[in-house]
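Please look over the sequence and the structure shown below before reading on. The briefing that follows takes up one topic at a time, from single side chains to contacts between chains.

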4 protein chains.
Amino acid sequence: MRIEKKVFDQEKNTSLTAYIQEVGGEYRHVTKRPGILIIPGGAYQYCSDREGEPVAFEYLKAGFQAFILRYTVRTEWPEPLEDYEKAMEIIRDRADEWNLYVDKIAVIGFSAGGHLAACAVTMARNKPAAGILGYAAIDCRDEILKNAPNALEYVDGKTAPCFLFATRTDQLVSCRNTIDFSRALAEHGVCFESHIYSHGPHGLVTGDQSIEDSAIPRPESYHHWVQDSVNFLRDIFGHFEKGGMSAPRVRAHDTGDDEDYLSAHCTIGKLLSSQEGKSAMEDIMPGLRDGYEGWKRKMNEKYHTNLDIGQPIESYVLSTLWNMLGRDSSMLMELQKRLEKIPNDQSL
Amino acid sequence: MRIEKKVFDQEKNTSLTAYIQEVGGEYRHVTKRPGILIIPGGAYQYCSDREGEPVAFEYLKAGFQAFILRYTVRTEWPEPLEDYEKAMEIIRDRADEWNLYVDKIAVIGFSAGGHLAACAVTMARNKPAAGILGYAAIDCRDEILKNAPNALEYVDGKTAPCFLFATRTDQLVSCRNTIDFSRALAEHGVCFESHIYSHGPHGLVTGDQSIEDSAIPRPESYHHWVQDSVNFLRDIFGHFEKGGMSAPRVRAHDTGDDEDYLSAHCTIGKLLSSQEGKSAMEDIMPGLRDGYEGWKRKMNEKYHTNLDIGQPIESYVLSTLWNMLGRDSSMLMELQKRLEKIPNDQSL
Amino acid sequence: MRIEKKVFDQEKNTSLTAYIQEVGGEYRHVTKRPGILIIPGGAYQYCSDREGEPVAFEYLKAGFQAFILRYTVRTEWPEPLEDYEKAMEIIRDRADEWNLYVDKIAVIGFSAGGHLAACAVTMARNKPAAGILGYAAIDCRDEILKNAPNALEYVDGKTAPCFLFATRTDQLVSCRNTIDFSRALAEHGVCFESHIYSHGPHGLVTGDQSIEDSAIPRPESYHHWVQDSVNFLRDIFGHFEKGGMSAPRVRAHDTGDDEDYLSAHCTIGKLLSSQEGKSAMEDIMPGLRDGYEGWKRKMNEKYHTNLDIGQPIESYVLSTLWNMLGRDSSMLMELQKRLEKIPNDQSL
Amino acid sequence: MRIEKKVFDQEKNTSLTAYIQEVGGEYRHVTKRPGILIIPGGAYQYCSDREGEPVAFEYLKAGFQAFILRYTVRTEWPEPLEDYEKAMEIIRDRADEWNLYVDKIAVIGFSAGGHLAACAVTMARNKPAAGILGYAAIDCRDEILKNAPNALEYVDGKTAPCFLFATRTDQLVSCRNTIDFSRALAEHGVCFESHIYSHGPHGLVTGDQSIEDSAIPRPESYHHWVQDSVNFLRDIFGHFEKGGMSAPRVRAHDTGDDEDYLSAHCTIGKLLSSQEGKSAMEDIMPGLRDGYEGWKRKMNEKYHTNLDIGQPIESYVLSTLWNMLGRDSSMLMELQKRLEKIPNDQSL
């Protein structure tokens with residue numbers, strides 16, 4: 001491993017530190033690695049050391065390249081976000097040199113750093129592929145940092161998938177931040193996992209006794225969040241296997257409605273809303289030409305399905321029609337090919 | 001262990017089955033046991049076997065007495081709740097015979113059984129000491145069971161502490177049930193723990209492969225909920241130790257404002273709102289007689305505290321004044337003695 | 001679940017208690033279950049309750065049928081073993097009724113019960129398919145029970161695979177019992193797993209606080225033996241999957257040299273030692289007719305292998321020749337077919 | 001963290017790399033850290049990268065300072081041991097600078113590195129405070145490295161406490177190495193913990209999928225060795241707590257018979273074998289003057305104890321006499337004070 005530090009601003013003490021592991025050689029099946037950018041907390045007054053390296057070790061041992069961001073504090077929004085953007089741009093620019101999967105870079109933030117991470121997953125130009133939000137001050141606002149936005153208000157169908165955890169009795173940052181953000185992700189069909197532990201003070205980091213005294217009460221299960229978050233990232237990113245990374249086990253978004261091009265992962269409603277999408281579907285399912293409602297009724301009656309305008313056509317076809325029609329997947333592949341050429345007009 | 005089955009109604013196939021472990025003898029330090037009443041799911045159409053005994057084994061091995069309720073299905077509300085009440089009454093009546101801590105009986109329910117458990121913790125005459133809600137259909141209503149209430153609407157400061165878990169991609173019962181119930185518990189200062197796993201279908205029970213095929217995708221961490229829920233109950237109920245059970249590590253409610261009598265666990269606001277509570281406080285903290293706001297300002301200035309009307313007086317005294325005043329706990333005990341004779345007028 | 005108790009002798013208080021779970025119905029993929037016979041300890045003076053039901057719950061929850069044996073105490077060898085034999089005969093006789101895989105019945109014994117279990121895996125008429133030996137008094141002899149054998153002396157290539165655990169500072173039964181038994185199993189190519197924890201007194205059972213006070217010092221990892229033993233049994237027996245049990249992941253014995261019939265799992269040395277085995281091999285590998293040593297040299301040179309008379313022919317063929325020869329497995333299957341008709345003359 | 005590399009010999013590619021974490025500051029209760037020196041394997045032909053940094057991360061995250069040794073390969077014994085000695089001397093010399101507890105430095109070695117670690121714990125001038133031996137080639141000899149000793153032959157009462165693990169089906173290094181070393185440690189009263197997993201090939205390191213492909217079969221429990229070894233070190237070294245490290249929970253050696261000075265932790269037999277020790281004991285327990293055997297008989301009768309010449313006098317006094325005599329610990333402390341001035345003549 002080598003440690004490289006890129007100082008952004010000497011005076012402001014802002015920097016990006018990279019912890020870069022080897023690939024290849026004896027790591028036979030590892031040619032690149034996923035990455036994680038760690039954003040410590042500190043109430044936008046300082047960057048906490050305890051939420052830096054001890055966190056990096058956890059993901060390094062899971063095979064990730066790790067990065068720690070020291071961002072501007074005692075400032076105004078959006079300066080910290082701009083530090084994040086700069087960090088992410090450096091990481092992506094140097095992805096080859098640092099043996100990184102450029103599309104598998106997560107961000108993890110704690111407390112105020114959790115606010116910054118929540119802004120990264122919702123509104124950044126350089127959105128991460130996943131976010132981990134630890135006792136995150138998502139609604140952090142003017143009292144803490146001038147002009148800081150409430151990240152909750154920016155959740156939409158393009159928000160990156162998130163793993164969230166908090167303790168219920170956190171007196172500094174209410175666990176409602178975590179609850180409300182989870183709810184918003186659920187509303188928008190964004191993949192997430194959420195753990196709220198019954199008790200424990202703010203700032204437990206990983207719960208390891210080398211960071212936090214064993215005398216501080218918290219549930220025995222608190223430290224589970226670390227391995228659980230690694231599992232979450234592996235489900236989203238895939239895992240090391242011979243010849244690269246395995247396919248993800250979970251999709252980042254429930255539908256393809258917010259992607260740049262249409263796909264069989266779009267909902268029926270979405271596809272019907274554009275002329276080209278509608279035509280593509282009608283060619284495959286000619287009955288649709290007589291109107292969606294009638295077709296739906298007929299299909300539901302004939303096949304005892306429960307067709308719903310909010311379902312991705314893919315899941316509908318895969319789980320229902322495809323079964324009925326003798327499992328000929330060529331229809332779906334044909335549809336997919338046509339759809340992925342059609343730009344997604346997101347105003348529809 | 002002995003298994004006893006009490007049939008409620010032969011025709012309706014309703015019953016309470018008790019799994020009663022030994023105490024004493026070689027179990028030197030076990031004179032009584034906590035209990036758990038298991039409420040299987042089944043969409044109020046049947047009672048699922050898979051959500052019965054496999055769940056009982058988990059809590060039996062943790063030292064609990066276990067009970068399985070088979071309640072009336074294909075009926076109207078509140079018949080299932082009445083079955084629950086009957087079960088709880090039997091359990092409490094026979095607590096001595098069954099070597100039970102009568103104040104340490106939890107309930108666990110899955111899916112529709114989770115709806116019934118959610119009603120138990122909020123509105124039952126025989127409220128359990130804690131509830132575990134597994135992928136619970138908390139908003140279950142008319143479509144499923146005629147007249148069934150949305151348990152969410154009944155959450156208040158007297159709701160029993162709850163452990164909740166669900167999978168995000170549950171297509172039968174939305175994880176929003178779990179999120180919204182958690183939020184309501186947070187609002188009302190009720191202790192809870194909540195785990196929402198990133199993916200997995202409805203009805204995974206404990207996730208053990210003897211119940212659910214390993215081919216069904218779910219996160220590796222899913223089965224953690226079982227041990228986590230045991231830890232939760234131990235934090236609320238205490239744990240076996242020489243001579244009985246240890247003191248709980250977590251309170252069921254953040255304040256004593258909803259208890260039958262006042263206590264030092266009530267908030268300052270609550271105590272000030274009743275004449276008797278106010279007098280008791282003024283006798284201990286004479287400065288209060290000149291008005292709360294002025295007193296608060298003085299205290300905060302003098303002791304650099306952050307006194308708040310929503311804090312339990314106990315935590316305030318313990319964490320702040322008590323420290324300042326040289327740790328003489330007699331003051332607090334004196335206050336507690338006076339307060340616990342004053343009935344809590346909950347209309348205030 | 002139902003509990004059935006078969007009393008062997010009222011006066012001696014000996015019995016077999018069966019804990020029988022349901023199969024089929026909602027347990028869609030469970031048509032039969034593996035079983036485990038639990039033998040409590042008690043220095044052959046009594047049968048410990050603590051090493052009975054709390055252990056049963058652990059394996060019940062893993063999907064097993066569980067049985068507890070109360071055997072004769074304050075007696076002479078082989079009376080306890082005869083109780084074991086009787087129990088095993090009943091279990092096998094009633095395998096259909098009790099929905100048991102008759103070839104997947106393990107035994108678990110603690111302390112003196114571990115001695116009895118060690119005798120079961122080595123010398124019983126009704127050998128179990130696997131054994132778990134907990135702080136087992138394997139060398140238990142006359143002082144404890146008249147005429148009791150030292151099970152260590154009976155380990156051979158037919159001994160059942162074993163999972164062993166102990167604490168190093170056990171003052172009643174030395175952990176050397178566990179070490180020496182492990183070594184003997186290694187010598188004879190019998191599958192085993194062994195865990196010796198750094199400290200802890202005799203008799204911790206599962207380590208759960210409902211059995212043993214948390215004040216008793218032991219390593220945090222002590223309780224891992226329970227899940228580890230379940231994993232061990234699953235590797236040996238296979239695990240529940242659609243349509244039955246999956247194939248075992250580990251063989252009970254490193255070679256087939258002690259089976260009743262020859263097989264491709266026998267070592268080259270074993271096969272060469274019988275005329276019929278030799279012929280079968282020569283037909284498949286004609287070069288062998290000119291003598292083993294020359295053939296071996298040629299093969300090793302040609303294929304850069306490391307052919308060894310102690311290797312199962314199967315592993316040799318699979319890992320080496322088969323690769324070389326273009327992966328045509330028909331040769332191996334043909335050989336297997338011929339071999340499995342040849343009785344194994346174990347005097348060779 | 002900073003990484004410092006000290007090259008021993010450029011040509012031989014030997015070096016010590018130090019991974020040094022911060023102390024103090026936000027790590028309020030961490031003023032120094034324990035350390036671990038990692039010795040990779042590689043059949044004394046090379047130093048394996050996979051057994052270096054991925055291992056360091058595990059102990060860094062547990063709060064340790066970590067060191068990786070690259071030792072001379074393709075050489076003769078004792079050159080690798082001399083590299084070890086040099087590394088340990090550097091580490092101890094720079095203990096202050098590197099914020100190390102100089103008496104809490106462990107060593108971990110894998111495969112051939114496990115041989116070197118086994119030599120370190122038995123015969124090195126600079127013995128570590130504990131050793132972790134992973135699938136260690138303890139009997140490694142001439143074939144692998146000229147003149148290499150079999151570490152097994154050097155185990156004695158001064159050997160450092162060891163944590164050992166291996167897989168049973170390791171085809172390169174037999175698990176008997178681990179079994180036999182465990183047995184020798186048990187013989188000599190040296191603290192150890194040992195885990196032999198039922199199957200798995202040589203060289204699995206931590207079992208993490210970023211190091212070893214998930215396709216390689218091994219028990220689910222294999223990776224437990226990592227956390228178990230951390231727990232072992234914490235039991236021996238103590239754990240971080242306010243103001244330093246807590247007291248160890250386990251002694252490195254069962255008795256003080258091999259220490260440089262006598263102590264109340266010596267066995268009765270040891271103390272009686274030296275004139276000064278005998279006098280010290282007789283002054284405290286005057287009855288001893290009439291001869292050990294008679295005194296023992298009297299004590300055993302009077303106090304129903306089971307006095308044994310092999311027990312440390314401390315444990316005897318603490319568990320028995322001390323109880324009887326009303327728990328006056330002054331007697332023991334007085335004895336301890338006298339004993340610790342008496343050099344231990346180890347020829348006795």
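Which residues does Glu282(A) touch, not counting residues up to four places away in sequence? In this predicted model, Glu282(A) touches Leu288(A) and Arg289(A) once those sequence neighbours are set aside. Glu282(A) is found in helix H7 of chain A, which covers residues 275-284, and Glu282(A) is buried, with a relative accessible area of 12%.

- In chain D, the side chains of Lys278(D) and Glu282(D) meet in a salt bridge, with an N to O distance of 3.5 Å.
- Lys278(D) and Glu282(D) are four residues apart in helix H7 of chain D (residues 275-284), so about one helical turn separates them.
- Of these two residues, Lys278(D) is partly exposed at a relative accessible area of 31%, whereas Glu282(D) counts as buried at 13% relative accessibility.
- In chain A, salt bridges that share partners join Lys278(A), Glu282(A), Asp283(A), Arg289(A) and Arg338(A) into one network.

- A search of the whole structure finds 85 salt bridges over all chains.
- One of the pairs is formed by Arg125(A) and Glu82(A), whose side chains meet at 3.4 Å, N to O.
- Arg125(A) is exposed, with a relative accessible area of 56%, while Glu82(A) counts as partly exposed at 34% relative accessibility.
- In chain C, the side chains of Asp260(C) and Lys158(C) form a salt bridge with an N to O distance of 3.9 Å.
- That pair also links distant parts of its chain, 102 residues apart: Asp260(C) is in the loop between strand S10 (244-245) and helix H6 (268-273), and Lys158(C) is in the loop between strand S6 (130-134) and strand S7 (162-167).
- Asp260(C) counts as exposed at 53% relative accessibility, and Lys158(C) is partly exposed with a relative accessible area of 32%.

**Cysteines**

- Over all chains, a search of the whole structure finds zero disulfides.
- Cys266(B) is in no disulfide, and the nearest cysteine sulfur, that of Cys191(B), is 18 Å away.
- For Cys191(D), the closest cysteine sulfur is in Cys162(D) at 9.2 Å, which is too far for a bond.
- Cys266(B) is buried, with a relative accessible area of 0%, and Cys191(D) is likewise buried, with a relative accessible area of 0%.

**Helix H1 of chain D**

- Nine of the nine residues of helix H1 (residues 53-61) of chain D are buried, so the helix is largely enclosed by the rest of the structure.
- Just after H1(D), Gly63(D) takes a positive phi of about 100°.

- A rotation of 180°, with 0.1 Å of shift along its axis, superposes chain B on chain A with an RMSD of 0.2 Å, and that is the relation of a two-fold axis.
- In chain B, the C-alpha nearest the axis belongs to His195(B), 2.3 Å from it.
- The same surface serves both copies, as 100% of the contact residues of chain B recur in chain A.

**Contacts between chains**

- Chain B and chain C each bring 33 residues to their contact.
- The area buried between chain B and chain C is about 3,000 Å², of which carbon and sulfur atoms give 49%.
- On the chain B side, Glu26(B), Phe57(B) and Lys61(B) lose the most area to chain C, together 23% of what that side buries.
- Six salt bridges are counted between chain B and chain C, including the one that Glu26(C) forms with Arg50(B), where the closest N and O atoms are 3.6 Å apart.
- Chain A and chain C do not touch, their nearest C-alpha atoms being 12 Å apart, and no contact joins chain B and chain D, whose closest C-alpha atoms lie 12 Å apart.

**Annotated region**

- An unreviewed UniProt entry lists residues 32-125 of chain A as "domain: BD-FAE-like".
- The end C-alpha atoms of residues 32-125 of chain A lie 24 Å apart, and the span is 38% helix and 26% strand.

Key: Residues numbered from 1 in each chain as written. Chains lettered and ligands numbered in written order. Predicted model: local features only at pLDDT ≥ 70, side-chain atom pairs only at ≥ 80, totals over all residues. Heavy atoms only, no water. UniProt positions renumbered as here; feature names shortened; annotations may be inferred. Helix = DSSP H or I, 4+ residues; strand = E, 2+ residues; numbered from the N terminus. Least-squares fit on C-alpha atoms with pLDDT ≥ 70 in both. Contact = heavy atoms within 4.5 Å. Disulfide = S-S within 2.5 Å. Buried < 20%, exposed > 50% of the residue type's maximum accessible area, 1.4 Å probe, protein only. Buried area = accessible area lost by both parts, 1.4 Å probe. Salt bridge = Lys/Arg side-chain N within 4 Å of Asp/Glu carboxyl O.
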